[in-house]
Amino acid sequence: MLLLLNIMRKIVLLLFVVFGMAYAKELSIKSDDGFVLRGFLEYPETKRDTYPVVIFVHQFGTTHMIWSEFAKELREEGFATLLIDLRGHGLSIIQNGKENKIVFNNRFSSIIDLVSFFKKSARKVNFSKIPDDIALWIDYLIENEKIDPDRVILIGASLGATSIIPVPSMQDIYKMVCISPGSPETAGKERVDISLSSYMNPVMYVSSLNDPLGSYKYSRAYMEKSNNGTLVVVSGKGHGVVLLKKVKGYILQFLKQ
């Protein structure tokens with residue numbers, strides 16, 4: 001088990017080198033319920049005392065690697081980037097000394113089958129704790145790295161998008177980008193409502209018009225509850241990071257405003 005984890009870590013580090021991320025700093029923290037969570041921090045080439053940071057939160061069944069290309073573009077704009085593996089995903093699969101991971105199958109027979117597997121996975125590793133994990137990552141960065149505590153930005157996709165919404169109730173968040181967010185029940189509806197009612201900083205929601213998992217409906221609902229929200233709707237039925245090709249320019253403009 002631990003041997004397999006070490007092999008995975010070596011493979012990921014090799015991929016970082018191949019894709020131009022050789023200078024990423026591997027970090028780890030421990031969640032309140034015993035998950036060893038792993039992430040990769042990289043700074044821009046420009047030298048400063050502190051940096052604004054973008055924390056990337058990936059979608060269900062993927063890893064931090066889905067953000068590699070976009071993170072590189074943001075570093076060229078002066079942002080530090082932290083790419084994390086969510087509990088049960090990638091390298092964040094050890095809980096209290098035992099393996100606890102999501103074994104994702106890309107060949108689901110239907111959307112209903114996928115949703116059923118998602119719910120089982122949520123119970124297995126407790127997705128409702130992901131907002132708390134993100135808050136712990138922010139604490140770590142502020143205490144140990146060259147991060148501007150007033151410019152912490154969250155970008156999430158699908159599961160990651162839903163999971164970042166409650167974080168402003170625990171941390172000071174400068175801006176958020178939620179790509180294809182899902183049901184508030186995943187992160188806890190009460191936590192989501194409290195966070196949205198009190199969060200005054202800018203948040204952008206992104207969804208395709210015909211999202212197969214209902215993100216357009218959820219994005220509109222979140223937008224209506226937000227105090228300073230923007231909704232970007234694109235044509236088609238794409239979900240998650242596949243939308244980046246269409247909305248990357250909007251996101252960059254939003255972050256630099």
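**Surface, helices and salt bridges**

A: I111 has a relative accessibility of 40%, so I111 counts as partly exposed. I111 belongs to helix α3, which covers residues 111-125.

Q: Which nonpolar surface patch includes I111?
A: I111 forms a nonpolar patch on the surface with V115 and L213. Together they have about 200 Å² of accessible area.

Q: What is the average pLDDT here?
A: The model is predicted, and the average pLDDT of the protein is 92. A score of at least 70 is reached by 91% of the residues. Over residues 16-21, however, the pLDDT is below 50. That stretch has 13 contacts in the model beyond near neighbours in sequence.

Q: On to the helices. Which residues of α7 are buried?
A: In helix α7, residues 215-225, the buried residues include S215, S219 and Y222. Viewed down the axis of α7, the buried residues lie within an arc of 65 degrees, so they line one face of the helix.

Q: And which exposed residues does the face turned away from the buried side carry?
A: That face of α7 carries K217 and E224, which are exposed.

Q: What covers the buried residues of α7?
A: The cover includes two helices, α5 (159-164) and α6 (189-198). It also includes the strands β9 (203-208) and β10 (229-234).

Q: Since α6 came up, which of its residues are buried?
A: V192, S195 and L196 are buried in α6. The buried residues of α6 fall within an arc of 95 degrees when seen down the helix axis, so they too line one face.

Q: What do they pack against?
A: The buried residues of α6 pack against β9 and α7.

Q: Are K225 and D193 buried or partly exposed?
A: K225 has a relative accessible area of 40% and is partly exposed. D193 is also partly exposed, with a relative accessibility of 24%.

Q: What is the salt-bridge partner of R191?
A: R191 forms a salt bridge with D132, and the closest N and O atoms are 3.1 Å apart. R191 is in helix α6 and D132 is in helix α4 (residues 130-144), so the pair ties together parts that are 59 residues apart in sequence. R191 is partly exposed, at 25% relative accessible area.

Q: How many salt bridges are found in the whole structure?
A: A search of the whole structure finds ten. One of the pairs is R75 with E42, whose closest N and O atoms are 3.3 Å apart. R75 lies in helix α2 (residues 68-76) and E42 in strand β2 (residues 35-42), so to speak of distant parts of the chain: the two are 33 residues apart.

Q: Buried or exposed, that pair?
A: R75 is buried, since its relative accessible area is 7% and buried means under 20%. E42 is buried as well, at 8% relative accessibility.

Q: Last topic: which residues are linked in a network of salt bridges?
A: D33, R87 and D133 are linked in such a network.

Methods. Residues are numbered from 1 along each chain as its sequence is written. This is a predicted model: local features need pLDDT of at least 70, side-chain atom pairs count only at pLDDT 80 or more; totals for chains, interfaces and linings use all residues. Side-chain values use heavy atoms; hydrogens and water are left out. pLDDT is the predictor's confidence in each residue, from 0 to 100. Contact means heavy atoms within 4.5 Å. Patches are made of residues with over 30% relative accessible area and no salt bridge: like charges are joined within 9 Å, nonpolar side chains (Val, Leu, Ile, Met, Phe, Trp, Tyr) within 5 Å. Accessible areas come from the Shrake-Rupley method with a 1.4 Å probe; for residues, only the protein chains shown count as cover. A salt bridge is a side-chain nitrogen of Lys or Arg within 4 Å of a carboxyl oxygen of Asp or Glu. Helices (H or I, at least four residues) and strands (E, at least two) are DSSP runs, numbered from the N terminus. Buried means under 20% relative accessible area, exposed over 50%, partly exposed in between (1.4 Å probe, protein chains only). The arc is that of the directions from the helix axis to the C-beta atoms.
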